Amino acid sequence: MSIRTVATTPFEGQKPGTSGLRKKVKVFQQEHYLENFIQAWFDTLEGFKGQTLVVGGDGRYYNRQAVQCILKMAAANGVGRVLVGQGAILSTPAASCVIRKHHAFGGFILSASHNPGGPDEDFGIKYNITNGGPAPEKVTEAVFARTEIIDSYKILEVEDQDLDHVASHRLGDMTVEVIDPVEDYAELMEQLFDFPALKNMFANGFRMSFDAMNAVTGPYATEILEGRLGAPRGTVINGVPLEDFGGGHPDPNLKHAHELVDILFADDAPDFGAASDGDGDRNMVLGNNFFVTPSDSLAVLAANATLIPGYKDGIAGVARSMPTSAAADRVAAELGLNCYETPTGWKFFGNLLDAGKATFCGEESFGTSSDHVREKDGLWAVLAWMNVLAARPGESVAQIVQGHWEKFGRNYYSRHDYEAIDLTAANGLMEHLRAKIAGLAGQTLGIHPVAAADDFTYIDPVDGSVSAQQGIRIIFEDGSRIVYRLSGTGTEGATLRVYIERYAAHQADQALDTQEALADLIQLAEDMAEIEARTGRAEPTVIT
Ligand code: G16
C-alpha cells in the first residue's frame, strides 16, 4: 500500500454553487476531475490530520465509486478515521447528525439533491464543516481558487473496500468504520418527538402515505414510520433507493411527486401525505386533498412549536430565505420571536443556529428544519407535522392551516421556474431588471404602488460577512412581492426563478386558487422582466 502523488491540471468551473459542486455524471467521470476537487478541499482545510471525517451519499449513480475514491484520498492525506454509511449511504440530514454526534472534523456528502440520477444525469459533492452544516462561502471560494491552480493530488494505491457490512477496516494509517446509516438519526428523532403519541395515533387508525421517491429516505422512513411507530407496511412507497431513482425526478413537489399527489387528492385519501427528495433534506407535506406550501409549513410549525417535546420551552426565532414568503415573519412578530431573512442556501442559517438566534429555519424550495442538525431535514419536518396533528386531535391538516390563516393572514405564494434557458439571455434579463429597479420605489406598477426595489444584500448578523446580488426584489406597499433570481443548483444552461407573493389579511379573501389570486402580479412579473421576448418561453417549466 503506497501513497501515489499524481500530476494533474486544473479543470474550469469547479465552483461550488448554492449547495456544493453539481455537474453531469459524465463531467465527474473525466480522469482526475473528482480527484482534483477533493484534493482542493484537503489543500484548503486546516487541522484535519488524524481527525474524523464522515462520508456518504444519496445512493445515486457514481456514488459508490466516488466514496471509494474519497476514502483512498483521505487516507493519503492523513485523515485519522472515516465514518461511512453502509452501502455508501447517508442522507444529508443524517450526515449532519453523524458529524455532530461523533464530533467529526467535517464530512463529504455526495448528492445532486433532487436532480435526476443515472449515467447521463447529475452528480454532486458538498462538504460540511464541524457544526454539521454546509461550508460557508469564504471556504468554498478558497477551495474554488485552489481548483484553478491545482497541479497534483494524493491517493493511496489500494483495493476498493467492502462498504456493505457494518465493520471496521484499516486503510493505510486510517480507520474506516462502516456504520448503520439510520441508527444515529432515528435516535435523534426519538429525542425530539413524542413517539408514544405518534404510535398511538397509528394504532387508532391514522392513515398516511410517505413517498421516498426511490431515493435515500426510504430506509430512514421505513425504520422510523413502519418500524418504530408501527405504521402499517406499505405506508412508505417507493422506499428502495435506486441509482437512477427509478427514472424519476426525486423532487418532492406537486409536479414530480405526482404518485403521492394522486393518492392524497383521491376520494378515499389518507389523513396525511409526505415526500422527500434525492438526499432526504427536502419535504412536501399534504393533507387530505390539501397542499401545504413550504412557506406556510414553516409558519405553522413555528406557531405550534411548543406542542413538540423537543421545543416545548419555546423557540428563539425563525429564519427564512429571502424568496420564501413572509408568513413566518407574522408568527414571529405575534409571538415576539427573532426573525431573519437570509439569501437562498442553507449555509446562511448556520451562524444564526450556532449563535442561538434562530431555532426553526425554512425555505420555499421545500426545506424546513431546526437546530437539531445544520441541514434541512425532510423527515424531521414530516415528524414535526405528525406531532402537531397528534397534539391537536380531531383537526385535519387543512383545518390547522386555514385556522392559521384566520389568525395570521394568508400569504398567497407561488414560484415559476424557467429551466434550462440560455445563459446569456438569463444574465441579460437580470441586468435589464437591475437597471430597471433603480427608480422604481414610489412608482405604481399596474394597481400596485412600489414601496422598495433592490438587489438583495445580506450582512450576516453574527460574523458581518456580506453577500451581494442575492436576488432582485420588488416590494409593494401592501406587502406583496415579486422576486427574481437565477438558480445556483442547475446543471444545464440557466434556471430563472420568479417568486410571487400576495398577503391577504382577511378570511373572506383567503379561499382563492393561488394562481388566480396572484394572476395580475404574475403578469406584471412576466412583463417587467420581458421573459418571453428574452428567453423565448411563453410558460414556466414548473410551477410550485
Ligand atoms: C439547495 C439549497 C437550498 C436552496 C435550493 C434551491 O437545496 O440547499 O438552500 O434553497 O438548493 O437553490 P436554487 O434556487 O439556487 O436552485 P438542495 O435540496 O438542492 O440541496
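1. Start with the lining of the largest pocket: 11 of its residues are nonpolar, 18 are polar and 11 are charged. Keep in mind throughout that this is a predicted model.

2. The volume of this largest pocket is about 1100 Å³. Its lining is made up of 40 residues. Look for Gly17, Thr18, Leu486, Ser487 and Gly488, which lie closest to the centre of the pocket.

3. Which helix gives the most to the lining of the largest pocket? It is H15, with five residues. Helix H15 covers residues 423–437. Helix H5 (137–147) also supplies at least two lining residues. So much for helices; strands take part as well. Strands S2 (21–24), S23 (466–467), S25 (481–486) and S26 (494–504) each supply at least two residues of the lining.

4. Now turn to the cavities. How many of 30 Å³ or more does a search of the whole structure find? The search finds seven. The largest cavity holds about 230 Å³ of space. It is lined by 25 residues, and Thr18, Arg282, Ser365, Lys376 and Thr489 are the closest to its centre. Thr18 is also among the residues closest to the centre of the largest pocket.

5. By class, the lining of the largest cavity has three nonpolar, 10 polar and 12 charged residues. This cavity is where the ligand sits.

6. Next, the shell around the ligand.

7. For Thr489, the distance from a polar side-chain atom to an oxygen atom of the ligand is 2.5 Å. For Ser487, an N or O atom of the side chain is 2.6 Å from a ligand oxygen. For Arg22, a polar side-chain atom lies 2.8 Å from an oxygen atom of the ligand. How much of the ligand does the protein cover? On its own, the ligand has 460 Å² of accessible area, and the protein covers 99% of that.

8. Two of these residues have come up before. Thr489 is one of the residues closest to the centre of the largest cavity. Ser487 is one of those closest to the centre of the largest pocket.

9. Finally, the second largest cavity. About 100 Å³ of space lies inside. Its lining has 14 residues, and those nearest the centre are Ser19, Gly20, Lys126, Ala135 and Thr140. Which strand gives the most to this lining? Strand S6, residues 122–128, does, with three residues. The lining of the second largest cavity divides into seven nonpolar, five polar and two charged residues.

Definitions and conventions
Residues are numbered from 1 along each chain as its sequence is written. This is a predicted model: local features need pLDDT of at least 70, side-chain atom pairs count only at pLDDT 80 or more; totals for chains, interfaces and linings use all residues. Side-chain values use heavy atoms; hydrogens and water are left out. A polar contact is a pair of N or O atoms within 3.5 Å; within protein, one must be able to donate a hydrogen and the other to accept it, and residues adjacent in sequence count only if both atoms are side-chain atoms. Accessible areas come from the Shrake-Rupley method with a 1.4 Å probe; for residues, only the protein chains shown count as cover. On a 1 Å grid over the protein atoms alone, a cavity is a set of points where a 1.4 Å probe fits but cannot get out, and a pocket is an open set with protein on both sides within 12 Å along at least five of seven lines; lining residues have an atom within 4 Å of a point. A molecule sits in a cavity or pocket if more than half of its atoms lie within 2 Å of its grid points. Grid points are joined across faces, edges and corners, and a volume is the space filled by probe spheres set on the points. Helices (H or I, at least four residues) and strands (E, at least two) are DSSP runs, numbered from the N terminus. Ala, Val, Leu, Ile, Met, Phe, Trp, Tyr, Cys and Pro count as nonpolar, Asp, Glu, Lys and Arg as charged, and the others, Gly among them, as polar.
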